[in-house]
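Let's walk through this protein model together, starting with the whole chain and then zooming in on a helix and a strand. Keep the 3D view open as you read.

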Amino acid sequence: MLGVFSREVADPPEELVAAGSRTPSPKTRASELVNRFVNKSSPAEVVSLQLGSDGYLVHSRVGDSPFRPRLFAVKDDIFCIFEGILDNLGNLIQHYGLSKNSNEVLLVIEAYKALRDRAPYPASFMLGHLNGNFAFVLFDRKTSTILVASDADAKVPLFWGITADGCLAFADDVEILKGSCGKSLAPFPHGCFYSNSLGGLKSYEHPKNKVTATLAADEEICGATFNVEGASTIVTAMH
């Protein structure tokens, strides 16, 4: 999966900017990143959407796994790419009043709509009730809101980086981002979410703990590592 968002929508974390500035490396524009991702798949295996000037969402079934299925849906102008499995999908379907044949990506869209429109609770509460292995990228075109999250155990890989033209990109393939983001690249921290309208990068697993970053060594693929302060585990940069 691939989600790319323009600077007008997403404000890249300063740590990713700093990582790329410290060790300059080749980058490409967002449109080139999208084209490379799309060209890895046959036309029947990929769905690519340009969200006006806000960015792109690309869903590919290449390398899809029954243990980490990739799903894509659009409902009420909310676009979502979901990878993984929710262990408590049945209970959540009942909670949100969805039909029994609803899948994970439709559930996430409905949970986001409830959060946006009427929830008296923070995003960390909604996300904390998603039990399983997952990562997703959601975009609400009506409000230009981005919501990206990764499960607490990081069982589904997710990375983010900054392209040459300053777009914020998310993908489950570190190599595809490396070619366009250079050292402005990091593993997305597990148990966390990023939203341009909900306070940036936060931990939903430890909502009272701050998420910080350290710059990685030059020989590492990723230029930064994000950690949740006080958490028992950390996200380590890939070598």
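A residue counts as buried when its relative accessible area is under 20%, and as exposed when that value is over 50%. With that in hand, buried residues make up 54% of the 239 residues in this chain. Keep in mind that the model is predicted.

**The whole chain**
- The chain's secondary structure comes to six helices and 14 strands.
- Its radius of gyration is 17 Å, close to the 18 Å that the globule rule gives for 239 residues, so the chain is as compact as a globular protein of that length.
- Along its principal axes, the C-alpha trace spans about 50 × 45 × 35 Å.
- Of the accessible surface, about 10,700 Å² in total, 50% belongs to carbon and sulfur atoms.

**Helix α3 (residues 89–96)**
- Leu-89, Leu-92, Ile-93 and Tyr-96 are the buried residues of this helix.
- Look down the axis of α3 and those buried residues fall within an arc of 105°, so they line one face of the helix.
- Over on the other side of α3, you'll find Asn-91, Gln-94 and His-95 exposed.
- The cover over the buried residues of α3 includes β5, α4 and α5.
- Just after α3 comes Gly-97, with a positive phi of about 70°.

**Strand β14 (residues 224–228)**
- Five of the five residues in β14 are buried.
- In a regular strand, side chains alternate between the two faces of the sheet.
- Here, Ala-224, Phe-226 and Val-228 point one way from β14, while Thr-225 and Asn-227 point the other way.
- Strand β13 (residues 211–215) runs antiparallel to β14, and five bridges join the two.
- Leu-215 stands opposite Ala-224 in β14.

How values were computed
Residues are numbered from 1 along each chain as its sequence is written. This is a predicted model: local features need pLDDT of at least 70, side-chain atom pairs count only at pLDDT 80 or more; totals for chains, interfaces and linings use all residues. Side-chain values use heavy atoms; hydrogens and water are left out. Buried means under 20% relative accessible area, exposed over 50%, partly exposed in between (1.4 Å probe, protein chains only). Helices (H or I, at least four residues) and strands (E, at least two) are DSSP runs, numbered from the N terminus. Two strands pair if DSSP finds at least two bridges between them. The arc is that of the directions from the helix axis to the C-beta atoms. Contact means heavy atoms within 4.5 Å. The radius of gyration is taken over C-alpha atoms; the globule rule is 2.2 Å times the number of residues to the power 0.38. Accessible areas come from the Shrake-Rupley method with a 1.4 Å probe; for residues, only the protein chains shown count as cover.
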